[in-house]
Structure formats: C-alpha cells, structure tokens
Amino acid sequence: MSAHCQLTGARPGFGNRVSHSHRRTSRRFDPNIQRKRYWLPSEGRYVRLTLSARGVKTVDTLGIEAAVARIRARGGKV
C-alpha cells in the first residue's frame with residue numbers, strides 16, 4: 001500500500017536522522033495512513049478509502065458524499 005492519502009494528498013516527507021555525534025542519515029516521515037470503509041448511499045455500496053488521520057477527520061466533518069466528490073475532482077478513483 002502506498003503511503004498517501006486519497007483525500008488530502010498527504011505523502012511521505014523526507015529528512016535526516018541526526019545522531020548524538022551529529023552524523024546525518026536519510027529518513028522518511030510517513031503520514032498516519034488508515035484504510036476505512038464507508039457506506040456511500042448515493043451508489044448503494046461501500047467504498048474503501050486510504051486516508052490519513054486528518055483525512056478521516058475531514059470525512060467526519062464534510063460527509064462521505066462531499067469527500068468522494070473531492071477525491072473524484074482530483075482525478076482519484078473510488
């Protein structure tokens with residue numbers, strides 16, 4: 001599963017680990033990705049979305065219909 005949110009578009013960030021001696025090595029900051037299943041009443045079916053924690057909160061605020069409309073507007077498949 002790729003680490004990106006279908007709704008917010010959150011993707012991994014990259015940076016450096018810095019040790020006590022100040023040596024730097026690469027690291028990756030992954031978003032908190034969850035797979036959630038929502039009932040989509042307009043289509044009479046469930047949809048499974050890959051969302052970040054912020055994306056889950058956004059769906060709770062907007063509603064699933066508006067969230068799916070935003071994903072489709074961005075060119076995403078639901």
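Q: Lys and Arg count as positive here, and Asp and Glu as negative. With that in mind, how far apart are the mean positions of the positive and negative charges of the protein chain?
A: In this predicted model, the protein chain has 17 positive and 4 negative charges, and their mean positions lie 11 Å apart.

Q: What makes up the secondary structure of the protein chain, and in what order do the elements run?
A: There are two helices and four strands. Starting at the N terminus, the order is β-β-β-β-α-α.

Q: Why is the protein chain called more spread out than a compact globule?
A: For 78 residues the globule rule gives 12 Å, but the radius of gyration of the protein chain is 16 Å, which is well over that value, so the chain is more spread out than a compact globule.

Q: How much of the protein chain is buried, and what belongs to its accessible surface?
A: Buried residues are 27% of the 78 residues. The accessible surface comes to about 5,600 Å², and carbon and sulfur atoms hold 47% of it.

Q: What share of the contacts with a separation of 6 or more joins residues 24 or more positions apart?
A: In the protein chain that share is 38%.

Q: How many aromatic pairs does the structure hold, and what makes Trp-39 and Tyr-46 an edge-to-face pair?
A: The structure holds one aromatic pair. The ring centres of Trp-39 and Tyr-46 are 5.0 Å apart, and rings pair if their centres lie within 6.5 Å. The planes of the two rings stand at 70°, and an angle over 60 degrees counts as edge-to-face. The pair of Trp-39 and Tyr-46 is therefore edge-to-face.

Q: Where does Trp-39 lie, and what does Trp-39 touch?
A: Trp-39 sits in strand S3. Leaving out residues up to four places away in sequence, Trp-39 touches Gly-44, Arg-45, Tyr-46 and Ile-64. Trp-39 and Thr-61 are 22 residues apart along the chain, with 16 Å between their C-alpha atoms.

Q: Why is Arg-37 called partly exposed?
A: Its relative accessible area is 47%. Exposed would need a value over 50% and buried one under 20%, so Arg-37 is partly exposed. Arg-37 belongs to strand S3, residues 33–40. Neighbours within four places aside, Arg-37 is in contact with Tyr-46, Val-47 and Arg-48.

Q: What makes Ser-52 buried?
A: Buried means under 20% relative accessible area, and Ser-52 has 6%, so Ser-52 is buried. You will find Ser-52 in strand S4, residues 45–52. Beyond four places in sequence, Ser-52 touches Cys-5, Thr-8, Asn-32 and Ile-33.

Q: How do you know that Thr-58 counts as buried?
A: Thr-58 has 19% relative accessibility, and the cut-off for buried is under 20%, so Thr-58 counts as buried. Thr-58 is part of helix H1, residues 53–62. Residues up to four places away aside, Thr-58 touches Leu-7, Gly-63 and Arg-70.

Q: Why is Ile-71 counted as buried, and what does Ile-71 touch?
A: The relative accessibility of Ile-71 is 1%, which is under 20%, so Ile-71 counts as buried. Ile-71 belongs to helix H2, residues 64–73. Not counting residues up to four places away in sequence, Ile-71 touches Gln-6, Leu-7, Leu-49, Gly-76 and Val-78. Ile-71 and Arg-35 are 36 residues apart in sequence, and the C-alpha distance between Ile-71 and Arg-35 is 15 Å.

Q: Where is His-22, what is its phi, and why does His-22 count as partly exposed?
A: His-22 has its place in the loop between strand S1 (13–18) and strand S2 (24–29). Its phi is near 75°, a positive value in a residue other than glycine. His-22 has 49% relative accessibility, and exposed needs over 50% while buried needs under 20%, so His-22 counts as partly exposed.

Technical notes:
Residues numbered from 1 in each chain as written. Predicted model: local features only at pLDDT ≥ 70, side-chain atom pairs only at ≥ 80, totals over all residues. Heavy atoms only, no water. Rg over C-alpha atoms; globule rule 2.2 N^0.38 Å. Buried < 20%, exposed > 50% of the residue type's maximum accessible area, 1.4 Å probe, protein only. Contact = heavy atoms within 4.5 Å. Areas by Shrake-Rupley, 256 points an atom, 1.4 Å probe, with all protein chains shown as cover. Charge placed at Lys NZ, Arg CZ, Asp CG, Glu CD. Phe/Tyr/Trp six-rings, centres within 6.5 Å; stacked < 30°, edge-to-face > 60°.
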